[in-house]
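Trainee: I would like to learn how to read helix packing and sheets in a model like this one. Could you walk me through it?

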Amino acid sequence: MKLRKLSFLVLALALLLAGCRSTAPTAANPPPAVVVGFSQLGSESGWRIGNTASMEQAAKEWGFGLMLDNANQRQEKQIAAIRSFISYQVDVIVFSPIVETGWDNVLREARQAGIPVILTDRMVDVDDDSLYTAYIGADFLAEGRRAGEFLLKKADAMGADHLNIVEITGTENSTPMRDRQAGFAQAIAGDGRFTVLESITGDFLRSKGRECMRTLLDRYGAAGIDVVYSHNDAMTLGALDVLDEAGVVPGKDIVLISVDGEQAAVDELRKGRINCIVECTPHLGGDVMAQVDALTRGKQIPKTIHPEETVFTEFDDLSEIGPRGY
Ligand code: GYE
């Protein structure tokens with residue numbers, strides 16, 4: 001224990017020097033009993049920034065030491081962060097995997113060191129599921145289905161015979177990208193009114209959402225696109241910029257379906273410029289830290305925990321939506 005506390009002090013200082021955030025213990029502020037190493041994948045969206053804040057806040061509330069490393073969208077940086085958490089013998093490793101594959105080795109190293117791993121936000125695809133203790137994050141397949149179900153209702157309301165859809169997807173080989181796409185496809189499958197013209201990757205970034213929308217408008221023209229399904233609000237906001245410049249009226253000329261529920265997107269929904277937002281909550285910190293606490297007390301924890309999520313649409317009373325906080 002003493003060694004680990006000393007290690008915490010050393011790592012805290014090292015991370016502070018390296019520009020990562022951590023709380024350095026002092027004589028008046030002794031090292032915490034539980035230390036969590038958290039590898040965040042980046043800061044690509046309002047969702048992500050809200051998620052980081054939620055983790056920091058919850059760790060503080062539980063009195064846990066948090067070693068936070070932001071991988072800036074690079075898997076190799078996440079792997080390096082996890083290795084440093086192992087060498088400093090944190091109590092629990094938490095990480096949000098940018099993509100699903102490529103984690104087997106580092107997870108085996110964590111197991112050999114006897115450090116449990118909680119996945120949060122996104123899943124991994126590994127041969128042996130016992131390499132991680134739990135997954136705490138959204139049910140992305142259900143989110144995709146909710147997006148498709150909205151479109152079925154909207155098409156009925158429009159009395160549409162046929163709708164051409166373009167899809168702006170998130171980071172390839174990430175869980176939200178794969179499952180938001182699959183869930184949406186399942187919900188509209190077999191309904192001859194819909195054609196997905198193209199799925200194009202926007203990497204969950206506003207700047208890429210802009211680029212994708214420009215490409216799609218060039219390729220199909222505004223008249224050739226009836227629906228944009230975008231895998232997150234950041235990319236949707238980027239697409240809105242481009243539609244505005246092109247003189248297309250979003251929400252009317254083209255139906256927009258988004259995912260997340262950032263404040264900026266909810267504001268656009270209220271203005272009628274987005275038709276539907278499937279909620280995905282970044283407020284996962286409370287659940288994660290509660291499970292960290294249970295684990296460090298030697299309790300068994302559930303393998304999967306999904307937060308409750310809803311959907312906000314133009315058919316709903318939007319005055320009910322409170323401040324989003326992200
Ligand atoms: O929807 C997006 C973020 O993994 C659920 O990643 C998360 C997604 C979220 O960048 O905005």
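**Reading the packing**

Mentor: Let's begin with a pair of helices: α5 and α6 are oblique to each other. Keep in mind that this is a predicted model.

Trainee: At what angle do α5 and α6 pack, and how far apart are their axes?

Mentor: Helix α5 (residues 140-158) and helix α6 (residues 175-188) meet at about 40°, and their axes lie 6 Å apart. Angles under 35 degrees would count as roughly parallel, so the pair is classed as oblique. The crossing of α5 past α6 is right-handed. Among the residues making the contact are Gly144, Ala147 and Gly148 of α5, together with Ala182, Gly183 and Ala187 of α6.

Trainee: Which way, left-handed or right-handed, does α8 pass α9?

Mentor: That crossing is left-handed. The angle between α8 and α9 is about 50°, with 9 Å between the axes, and these two helices are therefore oblique as well. On the α8 side, Asp233, Leu237 and Leu240 make the meeting; on the α9 side, Ala264, Ala265 and Glu268 do.

Trainee: Now the sheets, please. What holds neighbouring strands together?

Mentor: Strands of a sheet pair through backbone hydrogen bonds, in either a parallel or an antiparallel way. In this model, 6 strands form an open sheet with mixed pairing, in the order β7-β6-β8-β9-β10-β12. Its edge strands are β7 (194-201) and β12 (311-313), each of which pairs on one side only. On average, neighbouring strands of this sheet are turned by 15° against each other, ignoring direction.

Trainee: How many bridges join β8 to β9?

Mentor: There are 3, between β8 (residues 227-230) and β9 (residues 255-260), and the two strands run parallel. As an example, Val228 has Leu256 in β9 as its bridge partner. Helix α8 (residues 233-245) packs on the sheet and touches β6, β8, β9 and β10; its direction makes about 150° with that of β9. Helix α9 (residues 263-270) also packs on the sheet, touching β10 and β12, and its direction makes about 145° with that of β10.

Trainee: I'd also like to look at β3. Which of its residues are buried on each side?

Mentor: First the general idea: in a regular strand, side chains alternate between the two faces of the sheet. In strand β3 (residues 92-95), both faces are covered. Val92 and Val94 are buried on one side, and Ile93 and Phe95 are buried on the other.

Trainee: Which strands pair with β3?

Mentor: Strand β1 (residues 35-40) pairs with β3 in the parallel sense over 4 bridges, and Val36 stands opposite Val92 there. Strand β4 (residues 117-120) pairs with β3 in the parallel sense too, over 3 bridges, with Leu119 of β4 opposite Phe95.

Trainee: Why does Phe95 count as buried?

Mentor: The cut-off for buried is under 20% relative accessible area; Phe95 has 0% relative accessibility, so it counts as buried. Leaving aside residues up to four places away in sequence, Phe95 touches several others, including Phe38, Ile82, Trp103, Leu107 and Val124. Take Ile82: this residue is 13 residues from Phe95 along the chain, and their C-alpha atoms are separated by 8.2 Å.

Conventions:
Residues numbered from 1 in each chain as written. Predicted model: local features only at pLDDT ≥ 70, side-chain atom pairs only at ≥ 80, totals over all residues. Heavy atoms only, no water. Pairing = 2+ DSSP bridges. Axes fitted to C-alpha atoms, helices over the stretch in contact; angles between N-to-C directions. Contact = heavy atoms within 4.5 Å. Buried < 20%, exposed > 50% of the residue type's maximum accessible area, 1.4 Å probe, protein only. Parallel < 35°, antiparallel > 145°, perpendicular 65-115°, else oblique. Left-handed = near helix turned anticlockwise from the far one by under 90°.
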